[in-house]
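Please keep the sequence and the structure in view while reading.

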Amino acid sequence: MTASGTSGFGAEYARIVDLAKLGAMVTKTVTPRPRRGNLTPRTVETPSGMLNSIGLPNPGIEGLLAREGRAWESLGMPVIVSIAGGSASEFRDLAAALEGYRGVSAIEANFSCPNVEDGMEFATDPELLALATGAILEVSSLPLIVKLSPNVTDIRPLAVAAQQAGAHALTIMNTILGMKIDVHNRRPFIGATFAGLSGPAVRPVGVRLVYQAWPEVDIPIIGAGGIACADDALEYILAGASAVQVGTASFVRPTAALEVVEGIEDYLRNSEVGSIDRLVGLAHPEPA
Ligand code: RRO
């Protein structure tokens with residue numbers, strides 16, 4: 001899959017990549033009302049990665065559905081819509097608005113945006129996470145993927161809380177909170193001060209979080225964070241991911257997600273493993 005925020009809302013990306021070859025695309029996160037996003041600069045490169053604080057610019061759910069809602073049906077691939085609200089009831093309203101759109105295959109609840117005030121509350125508090133997950137499920141007939149944050153001491157209670165509240169899958173992980181200081185003007189470089197770190201530099205953190213969450217839950221985990229090639233994706237799969245998302249790498253090579261798919265196919269062809277399912281969680285020790 002493409003990771004949220006890295007391939008727009010669908011149509012832009014379809015012009016670049018043969019979407020039929022990907023498992024799914026996850027849209028940029030949509031909120032109840034339109035947002036302009038954060039002050040600039042919003043991004044900066046870091047060693048083996050980048051910082052972003054985009055701040056959720058989007059046309060709002062009504063604007064988005066008017067613009068893309070019907071086009072998703074003809075994209076030729078499953079579209080997963082990423083949503084973020086400021087309260088459980090806003091999450092519920094966003095999910096309700098997506099009912100009846102045949103081009104929408106699932107919802108990814110973004111409980112973990114590091115770049116808006118209160119954006120990470122849901123992904124750092126198991127009770128709030130469960131409340132918001134439950135609110136979505138009250139009104140939604142779609143599969144619900146809950147996107148978790150790496151900015152926690154222990155991801156396991158959050159993964160368990162999401163599963164217990166009824167989530168059908170987890171995405172692990174969103175970006176890691178960081179910052180850059182401009183040594184010339186001696187001020188924070190990014191307009192909003194703090195920003196989310198992504199790219200190859202964060203992959204070991206994501207792999208570790210998937211590895212820790214996997215024994216705790218029965219629902220599938222989607223691995224995300226610094227995946228740029230098939231081997232990176234396979235690390236996540238061996239840690240316990242059943243699927244993966246490619247994000248920052250597509251800013252360097254827009255076809256990166258496709259290359260990951262093709263690389264995994266080659267790996268399976270060249271190994272004794274017939275199906276990727278047999279690799280999921282294989283890095284864990286055998287139960288005694
Ligand atoms: O828009 C953003 O600044 C943003 C979001 Br919503 C998110 O979930 N993760 C991220 O790194 N940036």
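## The second largest pocket

The lining of the second largest pocket divides into twelve nonpolar, two polar and two charged residues, where Ala, Val, Leu, Ile, Met, Phe, Trp, Tyr, Cys and Pro count as nonpolar, Asp, Glu, Lys and Arg as charged, and the others, Gly among them, as polar. Of the 16 residues in this lining, Ala-243, Val-244, Val-261, Ile-264 and Ile-276 lie nearest the centre of the pocket. Helices (H or I, at least four residues) and strands (E, at least two) are DSSP runs, numbered from the N terminus.

About 360 Å³ of space lies in the second largest pocket. A pocket is an open set of points on a 1 Å grid over the protein atoms alone, where a 1.4 Å probe fits, with protein on both sides within 12 Å along at least five of seven lines, and its lining residues have an atom within 4 Å of a point. The volume is the space filled by probe spheres set on the points, which are joined across faces, edges and corners.

## How the model was treated

The model is predicted, with local features needing pLDDT of at least 70 and side-chain atom pairs counting only at pLDDT 80 or more, while totals for chains, interfaces and linings use all residues. Residues are numbered from 1 along each chain as its sequence is written, and side-chain values use heavy atoms, with hydrogens and water left out.

## The largest pocket

About 530 Å³ of space lies in the largest pocket, and its lining has 15 nonpolar, 18 polar and two charged residues. Ser-4, Thr-6, Asn-52, Asn-174 and Thr-175 lie nearest its centre, while β3 (49-52), β11 (195-198) and α9 (249-252) each supply at least two residues of the lining.

## The ligand

The ligand sits in the largest pocket, in the sense that more than half of its atoms lie within 2 Å of the grid points. The residues around the ligand (a heavy atom within 4 Å) include Lys-28, Asn-52, Ile-54, Leu-56, Asn-174 and Thr-175.

An oxygen atom of the ligand is 2.7 Å from an N or O atom in the side chain of Thr-175, a polar contact being a pair of N or O atoms within 3.5 Å. The protein covers 92% of the 310 Å² of accessible area that the ligand has on its own, by the Shrake-Rupley method with a 1.4 Å probe.

Conventions. Polar contact = N/O pair within 3.5 Å; in protein donor to acceptor, adjacent residues only side chain to side chain.
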